[in-house]
2 protein chains.
Amino acid sequence: MQILHRAEIEAAVNAPDAIAAVEEAFRAYSAGQVEVPPVGHLAFKEPPGDVHIKYGHRRGDPSFVVKIASGFYDNPQRGLSSSAGLMLVFSAETGFPQALLMDEGWLTDLRTAAAGAVAARYLAPKNISAIGIIGAGIQARMQLDLLRHVTPCREAVVWARNPQRAAAFAVDGFRIRLVSSTAELCRHCNLIVTTTPATEPLVRAPDVQPGTHITAMGADGPGKQELDPELFASAHVCAVDARKQCLAYGDSSHAVRAELVRADKFVELGEIIANRSLGRTSDDQITIADLTGVAAQDVAIATLAWARLRDRRGVKF
Amino acid sequence: MQILHRAEIEAAVNAPDAIAAVEEAFRAYSAGQVEVPPVGHLAFKEPPGDVHIKYGHRRGDPSFVVKIASGFYDNPQRGLSSSAGLMLVFSAETGFPQALLMDEGWLTDLRTAAAGAVAARYLAPKNISAIGIIGAGIQARMQLDLLRHVTPCREAVVWARNPQRAAAFAVDGFRIRLVSSTAELCRHCNLIVTTTPATEPLVRAPDVQPGTHITAMGADGPGKQELDPELFASAHVCAVDARKQCLAYGDSSHAVRAELVRADKFVELGEIIANRSLGRTSDDQITIADLTGVAAQDVAIATLAWARLRDRRGVKF
């Protein structure tokens with residue numbers, strides 16, 4: 001088994017390949033070609049923490065993947081990152097371990113940002129005036145960074161609750177403008193990405209311009225919410241990464257529970273990838289992509305990383 | 001994170017400590033002190049294989065454990081072991097990975113054999129005439145090897161379907177006698193361990209002498225069976241490692257389904273450890289321990305191994 005550390009992994013995997021791998025993962029997932037059992041979960045009280053075990057196998061792939069990711073919320077008080085994570089790649093021919101990817105959560109960040117790029121590739125309008133980024137954390141930066149591969153637009157408008165973090169926000173090659181409200185952000189942007197742990201809507205329906213695409217990736221568990229549920233009623237396309245998850249606890253779930261939209265309005269990103277006519281059909285439509293994160297992405301990104309690293313290390317199989 | 005290989009792990013963990021750790025694991029499990037979520041499972045068809053992910057945390061322990069174990073049944077055709085496995089130890093304070101135990105399934109074999117020793121410690125009669133071992137594989141050897149720590153008896157009687165494997169059976173310090181039927185084995189032995197993948201009963205109720213204890217550890221999944229279901233009707237104590245599992249697919253399940261015994265007759269080994277009066281109360285009783293394997297054992301054995309290895313490597317925490 002090869003042991004690989006973050007620096008080596010980061011050097012081996014490039015963004016366009018990651019986006020392509022995640023796009024293919026969504027297609028395969030929605031086509032029922034990825035075995036993705038229920039996520040395993042361990043909860044801790046003292047100190048508070050959550051551990052998630054995501055694993056799966058795309059039929060026909062030579063490897064399967066197990067990811068173990070944790071969030072321990074008192075870690076920052078000790079000067080440590082709250083999140084940790086690693087992925088294991090195993091042979092689907094023998095069950096033997098092939099690689100331990102000690103990526104410290106980087107591959108998860110990458111596959112999450114890649115999903116935003118895939119959503120924009122399929123749903124954003126042709127001409128993007130400016131990219132609106134809500135939030136100023138790691139995902140805010142990575143989402144913007146990866147959007148360079150799906151749009152030539154290099155104008156970004158940023159709003160974040162924490163003004164210091166917003167002021168420090170920078171992504172190579174992008175002109176960044178800070179605004180003091182999400183309403184102002186919505187006025188300037190027709191491609192918006194929300195990347196926060198908010199529990200109440202940050203984007204109001206009346207503020208969103210016709211033709212806007214919004215990717216919401218923050219609501220990845222019960223209680224979280226970034227979008228006005230009314231947006232789902234006015235949107236022409238309500239895309240989700242995984243119908244089951246999004247209707248259970250994604251931003252979509254709030255709109256369905258409020259009976260603003262029927263569950264059958266939701267279409268999986270993988271279904272749009274397979275049949276583009278299910279997505280945006282004109283430049284004045286509002287579209288939404290609600291991303292909760294699926295193990296199929298983890299399988300795809302780890303498989304990609306291992307393929308690249310194996311080549312670099314000259315490992316034969 | 002420390003990476004530890006099989007030889008180093010084998011050298012660091014001794015049998016009496018393993019037995020004590022597994023005994024405590026059963027006690028804690030039955031007392032509801034171990035968080036053990038449902039086992040994760042991935043199934044493969046070409047080539048055929050199964051992957052199980054077992055994980056858990058004993059409340060208050062500084063670590064939690066994830067085990068990934070596989071069986072790929074065509075491996076022997078390629079000169080490889082069908083089973084593979086590794087365990088990961090993480091800090092329950094921070095979620096950070098502490099150790100990767102590349103034990104190749106050895107710790108699972110050890111914790112399984114240790115469970116047999118615990119069962120014998122609590123349920124075997126005082127004076128053991130001879131130990132009967134049914135099967136001649138790795139578990140057959142390890143079960144007998146570990147029983148040396150709970151009984152002074154060094155007489156073993158072995159029966160196995162495969163006469164060549166039976167003839168090659170040897171465990172340091174034990175006199176081994178081969179027999180040609182389980183009936184003959186039962187005549188000589190009042191402590192019997194069944195260690196086979198049988199799907200039909202190997203031990204018949206009329207053959208078993210009064211005072212015998214039988215540990216059955218082979219039936220770890222649907223369709224497997226080693227004991228005559230009638231034995232559960234005549235036994236004074238029907239012990240199980242985990243009530244839920246044993247009644248679902250252990251040897252016990254066949255007896256319950258045949259309505260030979262009521263589900264409320266079964267008592268968990270951990271309950272007997274906490275309250276010895278639930279176990280054997282006289283030397284002429286027949287007792288059974290049905291072992292299916294619980295993640296609490298994996299957690300205990302990995303935690304033990306990591307504690308010993310950490311000391312040896314001088315890792316500070």
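Across the interface of chain A and chain B there are six residue pairs in polar contact, both residues at pLDDT 80 or more; a polar contact is a pair of N or O atoms within 3.5 Å, one able to donate a hydrogen and the other to accept it, and residues adjacent in sequence count only if both atoms are side-chain atoms. This is a predicted model, where local features need pLDDT of at least 70 and side-chain atom pairs 80 or more, while totals for chains, interfaces and linings use all residues. Residues are numbered from 1 along each chain as written, chains are lettered from A and ligands numbered from 1 in written order, and side-chain values use heavy atoms, without hydrogens and water.

The rule also finds two salt bridges across this interface, meaning a side-chain nitrogen of Lys or Arg within 4 Å of a carboxyl oxygen of Asp or Glu. Arg78(A) forms a salt bridge with Glu93(B), with 3.9 Å between the closest N and O atoms.

On the side of chain A that touches chain B, β6(A) gives the most, six residues; strands are DSSP runs of E, at least two residues, and helices runs of H or I, at least four, numbered from the N terminus.

Now the single residue. Asp298(A) sits in helix α11 (residues 295-313) of chain A. Is Asp298(A) buried or exposed? Asp298(A) is buried, at a relative accessible area of 1%, where buried means under 20%, exposed over 50% and partly exposed in between, with a 1.4 Å probe and protein chains only. Its side chain makes a polar contact of 2.9 Å with that of Lys67(A).
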